[in-house]
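Please open the structure in the viewer and follow the stops below in order. Each stop names a selection and then describes what is found there.

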Protein chains: 2
Amino acid sequence: MTNYKLLLSYDGTRYSGWQKQGNTDNTIQAKLEQTLERLLGEPIEIHGSGRTDAGVHALGQVANFKTTLTKEPEEIQEYLNTYLPLDIRILSVETAPDRFHARLNAVGKHYQYRIDNGAVANVFARKYVARFTEKDYFFRKWTDLCKSQKRTIPGGAPLRNEQLPYDIAAMKRAAALLVGEHDFRSFCDNKRMKKSTVRTITKIDIKEVDGILTLDFYGNGFLYHMVRILTGTLLEIGIGCLAPEDIPTILEQKNREAAGFTAPSQGLFLTDVFY
Amino acid sequence: MTNYKLLLSYDGTRYSGWQKQGNTDNTIQAKLEQTLERLLGEPIEIHGSGRTDAGVHALGQVANFKTTLTKEPEEIQEYLNTYLPLDIRILSVETAPDRFHARLNAVGKHYQYRIDNGAVANVFARKYVARFTEKDYFFRKWTDLCKSQKRTIPGGAPLRNEQLPYDIAAMKRAAALLVGEHDFRSFCDNKRMKKSTVRTITKIDIKEVDGILTLDFYGNGFLYHMVRILTGTLLEIGIGCLAPEDIPTILEQKNREAAGFTAPSQGLFLTDVFY
């Protein structure tokens, strides 16, 4: 058996996520397995470093599979990039030690979340960012807050300017309180999670460049929806619905209800997997 | 009458170009006029700085229209960005002097052409770049040249690596010969063009960053398909099908057949219009 390690990138927009689910083959995993099976003529099981949800993108997902056939890595990459849809691209293929497993051997991950907070939406980024408008829960939460605090809403009412006045410094103070080893149960959307919800976040970077706000999360592992709930919570802190000082309490409560909203999938990228 | 000047951006992918054509309303101009007519309750005629072809994008198209109604520019922008499709965004609206005309007053334009020449296609840029594969005329032209010259084709045959070995220095030498006032009839796809085909190109910048090759063209005006034929010709020079020294001959012939191929629309952006 030869073990192959793949590095790949995908636009998650039209997929039901990474993992195969019952009869649907509209997943990244299913597309890869089907294409590899055509090349290799035997059943293939591919292991990703982790699942990405429906609509989530990847800049550097890692996966591995084993086959009884021996092919040049370049031939496998060439075949996949010829027959896979254009929204999935194989960046590299290499042979790996027999015991390499993309999920079990991963020691860390880097996710990036992108929000378009420019005065006017960027048409070319629109499928790869979150942008909050009047239709969104989060945007309404902010306008409600402005009204309750009698704050001036820039642009006046009806409010249609989608540019929110994020307090980046407050978000960074909150991020510093999230870094470290914590029980992140409050940041997990799987209520029946029976395994440990303790994880270590090693770094969170937050910056705004040309109207695009990016949040970079580095850690040893992330729970179901954890990056999106961390993002939602930091955004609620950014607009003043929550305070940085609320973070320790949110963590202590070990209750999903204590944290902020789940930011939408289309702004999320699995950027790097570390081994 | 009030004259309004608009600055706008659009993803041209799903449109039949800027200009209204007969019964189809699948144009940027038609979308804008329809939406403005709903706001203003009177027929509106909008003038763009120039037509963009089907599939061509804009980062900074300029247009103007006149109306008997007086509205705040912010109200017009707000209304358009609320009711236009998300692939058209109004970056600004301002009142302009009565005699301002987006096309007649334009003194120069800047277009950018983007080619993805990375080892593997960038999935997130794929709708906004040209990428040449085995299916393309241009790619086949290159493989034929390699065979005829007995050059080694990187990657061997069958050739599936889409990364072409552009000679950027040769492309820059050719670009320098295109700068200035010339009769660009050889670079015009309208064979029945009766008006002057003399134009001035003030600058052409060419660079490759992270596998994305960009060609920036600045000039006082561009003929039908001119930027795409200039790009096709420079790319043919880049791979050695034509030489920089061929440029003066191509210009002198005043014949479309003398120049290179017309690069596809999806890599082209109208970036700036100068007044």
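**The interface of chains A and B**

Across the interface of chain B and chain A, 2 salt bridges are found, a salt bridge being a side-chain nitrogen of Lys or Arg within 4 Å of a carboxyl oxygen of Asp or Glu. The model is predicted: local features need pLDDT of at least 70 and side-chain atom pairs pLDDT 80 or more, while totals for chains, interfaces and linings use all residues. Residues are numbered from 1 along each chain as its sequence is written, chains are lettered from A in the order in which they are written, and side-chain values use heavy atoms, without hydrogens and water.

Select A:Asp11 and B:Arg126 next: they form a salt bridge whose closest N and O atoms are 3.0 Å apart.

Now select both chains. In contact (heavy atoms within 4.5 Å) are 26 residues of chain B and 26 residues of chain A. Together the two chains bury about 1,900 Å², 64% of it on carbon and sulfur atoms; buried area is the accessible area (1.4 Å probe) that two parts lose on being put together, summed over both.

Select B:Asp210, where phi is near 50 degrees, a positive value in a residue other than glycine. Most residues other than glycine have a negative phi. At 76% relative accessibility, B:Asp210 is exposed (over 50%; buried is under 20%, partly exposed in between, with a 1.4 Å probe and protein chains only).

Finally, select B:His225. This residue also is not a glycine and has a positive phi, of about 70 degrees, but B:His225 is buried, with a relative accessible area of 16%.
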